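Subject: Structure handover and notes

Hello,

Please find the structure below, followed by notes on what was found in it. Keep it open while you read.

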Amino acid sequence: MFNVLLKHRPQFRTFDMDLQALEFHPFSNLFPLLQGEDFTHLAKDIELHGQREPIILFEGRILDGRNRYRACLELGREPDTRPFEGADALEFVLSLNLHRRQLTIAQRAVIAAELCALREREAKSSAPGETSHDSAMGIEQAAQLLGISPRSVSSASRVVREGAPELVEAVRTGKVSVSGAEHVSKLDRTRQQEICAKGAHALSKAAREIRLKDKPSAPAKTPSAPAATPTLQDVLLVEQTGLQPAVPHAAAKKPTALKLFELADQAMQEGREPETVAEALLAELEEGIDHQRLLFTIEVAMHLRDRVTAQE
């Protein structure tokens, strides 16, 4: 296929329909296309300075350079192409795009999940006993390739598998976290699409509501007199000894700082990402955690981060 394309390269100038339909390789489709101003700037740069990097073809499809190809078509220019000459096409694509782009954890998780799904489909379509680069890929391997935790990939896999395309795109564009999208993916697809159409706020609200609904109900408590707000001495006593203070605080809200560190510790043990801790803490805000205390705790943590980093 690639030899045929090279043989007919002059036709790029006339932009026959066959050449405009040049497909993108599934590996390249793991990463989102440039949109809006980013694509406009790329096209303008190619118009002014020419195509700086060639488009790489693999198995007759574009492995790298989809955006350059689109820009060339729009400008009526002949794209400069060359064949892939490496040993591992997937490693090539991942290496280029992970260095070029500032990808969020959520975007990396979706890419890893889609990579797992792609490899699974390719493995099923392979002939029995056939060995190739199309072997199935597990969640842990995909997580290692993308530099994230297996828990994030597991959540994203459910979103990719059960979520509407609009929900997957919402994760890609940062409108909702992976864990939030995982909750929303439990709804039927029509309902998912309706929520996505309402924007980021609606997605976050729906995710919180589903999380709280799924959260096990706490055992009923016997009525008691209002407890005093825990003092700093009480907090330190609990942290250092695990003992409860002499004055009972059964009915008091857990201090914000303790809740933050408790959630962070649990998330680290489970291999989850910081964004999931933040989302869980925001859900607790609905249940009464003091907003001002949370902001103060964050400010203290930021100062600690700077000092700890300086000591390393």
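Is F92 buried, partly exposed or exposed? F92 has a relative accessible area of 23%, so it is partly exposed; buried means under 20%, exposed over 50%, and partly exposed in between, with a 1.4 Å probe and protein chains only.

First, the conventions. This is a predicted model, in which local features need pLDDT of at least 70 and side-chain atom pairs count only at pLDDT 80 or more, while totals for chains, interfaces and linings use all residues. Residues are numbered from 1 along each chain as its sequence is written, and side-chain values use heavy atoms, with hydrogens and water left out.

Overall picture

The chain has 16 helices and three strands; these are DSSP runs numbered from the N terminus, with helices being H or I of at least four residues and strands E of at least two. Of its 312 residues, 38% count as buried. Among contacts (heavy atoms within 4.5 Å) with a separation of 6 or more, 68% are between residues 24 or more positions apart.

Aromatic residues

F92 belongs to one aromatic cluster together with F58 and F84. A search of the whole structure gives two aromatic pairs. Rings of Phe, Tyr and Trp (its six-membered ring) pair if their centres lie within 6.5 Å; planes under 30 degrees apart count as stacked, over 60 as edge-to-face and the rest as tilted. The rings of F58 and F84 have centres 5.6 Å apart and planes at 85 degrees, so this pair is edge-to-face. F58 is in strand β1 and F84 in the loop between β3 (81-83) and α5 (89-100), so the pair ties together parts 26 residues apart in sequence. F58 is buried at 19% relative accessibility, and F84 is buried at 15%. The rings of F84 and F92 have centres 5.1 Å apart and planes at 50 degrees, so that pair is tilted.

A backbone point

E59 is not a glycine, yet has a positive phi of about 55 degrees. Most residues other than glycine have a negative phi. E59 sits in the loop between β1 (55-58) and β2 (61-64), and at 44% relative accessibility it is partly exposed.

Helix packing

Two packed helices are described by the angle between their axes and the distance between the axes. Here the axes are lines fitted to C-alpha atoms, for helices over the stretch in contact, and angles run from 0 to 180 degrees between N-to-C directions. Angles under 35 degrees count as roughly parallel, over 145 as roughly antiparallel, 65 to 115 as roughly perpendicular and the rest as oblique.

Helix α7 (residues 139-146) packs on helix α8 (residues 150-162) at about 110 degrees, with the axes 8 Å apart. The two are therefore roughly perpendicular. I139, E140 and A143 of α7 meet P150, V153, S154 and S157 of α8. By class, the residues of this contact are four nonpolar, two polar and one charged; Ala, Val, Leu, Ile, Met, Phe, Trp, Tyr, Cys and Pro count as nonpolar, Asp, Glu, Lys and Arg as charged, and the others, Gly among them, as polar.

Helix α9 (residues 165-172) and α11 pack at about 40 degrees with their axes 8 Å apart, which makes α9 oblique to α11. P165, E166 and L167 of α9 make the contact with R189, Q192, Q193 and C196 of α11. These residues divide into three nonpolar, two polar and two charged.

The axes of α11 and helix α12 (residues 200-214) come within 5 Å and cross at roughly 130 degrees, so α11 is oblique to α12. I195, C196 and K198 of α11 meet A200, A202, L203 and A206 of α12. This contact has six nonpolar residues, no polar ones and one charged.

Two buried residues

Q192 lies in helix α11 (residues 189-198) and is buried at 0% relative accessibility. Not counting residues up to four places away in sequence, Q192 touches E162, G163, A164, L167, V184, S185 and L187.

I111 is in helix α6 (residues 105-125) and is buried, with a relative accessible area of 1%. With the same exclusion of residues up to four places away in sequence, I111 touches L30, F31, L103, L146 and R172.

Regards
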